[in-house]
Amino acid sequence: MRKAPELLAPAGSLQMMRTAFAFGADAIYAGQPRYSLRVRNNEFGSLETLGEAIAEAHALRKQFFVVSNIYPHNAKLTTYLADMRPVIALKPDALIMSDPGLIDIVRENFPEQVIHLSVQANTVNWASVRFWKKMGVDRVILSRELSLDEVAEIRQQCPDVELEVFVHGALCIAYSGRCLLSGYFNHRDPNQGTCTNSCRWDYKVSGAAEDAAGIVRPSATVDSDPAKKIWLIEEKERPGELMPVEEDEHGTYILNSRDLRAIEHVQRLVEIGVDSLKIEGRTKSPYYVARTCQSYRQAIDDAVAGKPLDPTLLRELEGLANRGYTDGFYQRHHDAEYQNYLRGHSESDRSLYVGDASRFDAARGLMEIEVKNRFALGDRLECVHPSGNLSWTLGRLENRAGEALTVAPGNGHTVWVDLPETKAGAFIARFV
């Protein structure tokens, strides 16, 4: 049996943390809004909530990592030590950090505190891993821009340092979060936790060229050398602000990236000996963390047992809201057979999150569903539950008064369906 890597899940709330643990996560990471890169959708701004979460995780024999990975300006340095004393007193299993100055402050004042180096530090080689170990870092979260072979070489060169990699979630268009778009458009700095995801806005691309007088005009109206054509982008909410697309030998970086899905590489990562596989998404929903944890838990367990990847896991992840999937930089070139394998299993049987199973009504023999998206009698549904998933065709649908319905209209409604009592607390999805 190979060593099983830790499955590390995101949490922006207590509900997300509990869901992650229920669906197979070994640890979660969460951060305070002031010192992490997630200000919005974050319940862990209060010490009371943070303390409750850490205590609950430890009671389950799970781990809780506190993210403290901003690159602070001077103003935040003056408050950091005082703010972190009560946090460290709560005994988080690690602090996830990136700024060398803050790491030095923690090492001096809390020498026993475990530190994990954030992906924000952009560690891409084994010499850097060795350096950070000398600085007292226990685990290095490697940059997303590495191939599997590069990760393997770092593991071979640094056998005594824990390594963590991302396997799922949003990808940045810059080096692992070091992006300036949000700061440019909205004066909200991604590296201070207030990113507005400008790379995912709606842009229109158009061609232009300089006329004889040196004025940039739409390319269709200018008789010019095609090699001198200029490409401009215009953001939907900023009409008239035309920005040139600049490109170097590697490509252009201003538009959206697909989301990372590397479940097909879990077996190789297990063989390499990576210590932790990480899911991105602290601002996502509990349904997202349930689906991803359940899928990657199975992939890890199967890989440790020497079993091949179950192709249905690709389909289940396809059902999550995504911008198209990529395996990032892990494998630079795929052969045709591999591409067809992925496509064939990811485009069928997609599912849509439609509700939460809140409680069972024993008198009626039905489960109450808090509706999130429309579904109807006769739909093929899936119940996603820690005890195991269940697929069925909806044969009974009623309102609060017990009247038969044909449609659960959408968010904000409550209905009752034919689902067993043992599935209370489940997420409900509709196959589409």
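Predicted model: local features only at pLDDT ≥ 70, side-chain atom pairs only at ≥ 80, totals over all residues.

Residues are numbered from 1 along each chain as its sequence is written, and side-chain values use heavy atoms, with hydrogens and water left out.

A salt bridge here is a side-chain nitrogen of Lys or Arg within 4 Å of a carboxyl oxygen of Asp or Glu. By this rule there are 18 salt bridges.

Select D149 and R268 to begin: their side chains form a salt bridge, 3.1 Å from N to O. D149 belongs to helix α6 (residues 148–157) and R268 to helix α8 (residues 266–272), so the pair ties together parts 119 residues apart in sequence. Helices are DSSP runs of H or I with at least four residues, strands are runs of E with at least two, and both are numbered from the N terminus. D149 is exposed at 54% relative accessible area, and R268 is partly exposed at 30%. Buried means under 20%, exposed over 50%, and partly exposed in between, with a 1.4 Å probe and protein chains only.

Next, select R364 and E398, a salt bridge with 2.8 Å from N to O. R364 lies in the loop between β15 (351–361) and β16 (366–371) and E398 in strand β20 (residues 397–398), so this pair ties together parts 34 residues apart in sequence.

Finally, select E6, R139, E162, E164 and K278, which salt bridges with shared partners join into one network.
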